[in-house]
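Dear colleague,

I am passing on the structure below, and after it you will find notes on what was found there. Please read them with the model open beside you.

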Protein chains: 2
Amino acid sequence: MDAKVRLHLDQPLGAGQPLTLAPEQAHYLLNVMRLGPGARILVFNGRDGEWLAELAPEGKRSARVLPLAPTRPPAPPPDLWLLFAPIKKARTDFIVEKAAEMGVRRILPVQTDFTNAERIARDRLQAHAVEAVEQCGGTFVPEVAELAPLARVLDRWDAGRRLMLCDEAAAGAARALPDPAPGTAPGPWAVLIGPEGGFSPAERARLHTLPFVHVTSLGPRILRADTAAVAALALWQARLGDWGAVALP
Amino acid sequence: MDAKVRLHLDQPLGAGQPLTLAPEQAHYLLNVMRLGPGARILVFNGRDGEWLAELAPEGKRSARVLPLAPTRPPAPPPDLWLLFAPIKKARTDFIVEKAAEMGVRRILPVQTDFTNAERIARDRLQAHAVEAVEQCGGTFVPEVAELAPLARVLDRWDAGRRLMLCDEAAAGAARALPDPAPGTAPGPWAVLIGPEGGFSPAERARLHTLPFVHVTSLGPRILRADTAAVAALALWQARLGDWGAVALP
């Protein structure tokens, strides 16, 4: 019973409301996993928590599932975004996978002055986030935004959202994350990971004057962007997010 | 001058003491990087810090380097080990790379009751650690130990070394990491990441009774072992290690 298949469905989930699977999902369950009529699977849609559901094949290529009962309530992560500059494909995939595992609401790829990426495969990255959530047991899928220039993202920034800036070249300006206010949510935050080549002087100057930016350091060694993303999200989650109660009160 | 090649040499470094490069290193510098006589590179051996050195080719296939002056002092990371159960090749490589970046002294692959790995390519993993340190600007290379059963590692454990156990199935037993004692080193520690399939009941029972074990949690979502390794090392470094002064005092 433990190793049940978990499937993301982009449809409303409710007891007794049958859902039709996409052809590739039906293929996966029927022909790859070789599940038959009545097989139990877990489904989630990112909004309605996780449900136990029953498989009802319709021939060899299509199937419906019938949600039976909720197994886990919806559990959205804290209101945290991750901004990062896309790098090589494998490491970009990795950052999206890790962000989905660690609990963020949105993933925003940004072009910086020293970023080479002209485009990203947004749909592929979004599918990657879905797959990571299917595998890690989560019920919330972060949205992967379209690639946008960092300058434009900052122009449109809601100043109520604080931005944790991980800037290895500015360790002197680094401050501890604020103490969590007991019993209250930390409010909206985002983490910005610098590109592999660092920020340009103009970018750095602007970032360091923005009132919502909180400069932090990830220690004395230079971390790759993908390492920095996981490390920064861990520190934020432990200090201000939903790891805090147990890890670093 | 910024983008100088960094090379790990397993020889003592001192001003004016020429060193002979291994054939593959000479090939890399002469034929891949196309460096010529007098080219400046950075070298380190894990003990003597980082040195500026001058290249002296001897034909097309061999070369010597002459250390000129130290550029960075030796900076060993805190006395932190990482224990993990090897998983798929790519993710094992990743864990070793990340541990070398984030700053640990030793990396110990361990066999747990639910680990399939019978052997590891220790030399390849060690080379991977060297490469990660070359790229991240560090001067210390952690040792990758031979694969050993976790039970035997625990039998021989020095009780003076505390063990941060990341056990998602024991969140109820999780405690915050201790406060760092002002002005003193945290003492020897290790981080143990559970295998993908979790610990066996027998392992868990033993681990939770060992006096040097400190159970922590990495939040409410299930993390893959490679994610958990980076997250746990980040929390330890920020709380007790050499990130602490800036990140989470």
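**How two helices meet**

Helices (H or I, at least four residues) and strands (E, at least two) are DSSP runs, numbered from the N terminus.

From helix 2 of chain A, the contact is made by D93(A), V96(A), E97(A), A100(A) and E101(A), and from helix 3 of chain A by L125(A), H128(A), A129(A), A132(A), V133(A) and C136(A); two residues are in contact if their C-beta atoms, placed from the backbone, lie within 7 Å.

Before going further, please note that this is a predicted model, in which local features need pLDDT of at least 70, side-chain atom pairs count only at pLDDT 80 or more, and totals for chains, interfaces and linings use all residues. Residues are numbered from 1 along each chain as its sequence is written, while chains are lettered from A and ligands numbered from 1 in the order in which they are written.

**Chain A as a whole**

Chain A has 6 helices and 12 strands, and its C-alpha atoms fill a box of roughly 65 × 45 × 30 Å along the principal axes. Among contacts in chain A between residues at least 6 apart in sequence, 77% join residues at least 24 apart.

**The two chains together**

In chain A, 35 residues are in contact with 34 residues of chain B.

A rotation of 180° with 0.0 Å of shift along its axis superposes chain A on chain B, with an RMSD of 0.0 Å; copies are superposed by least squares on the C-alpha atoms of residues with pLDDT of at least 70 in both. That is the relation of a two-fold axis. In chain A, the C-alpha nearest the axis belongs to A231(A), 2.7 Å from it. The same surface serves both copies, as 97% of the contact residues of chain A recur in chain B.
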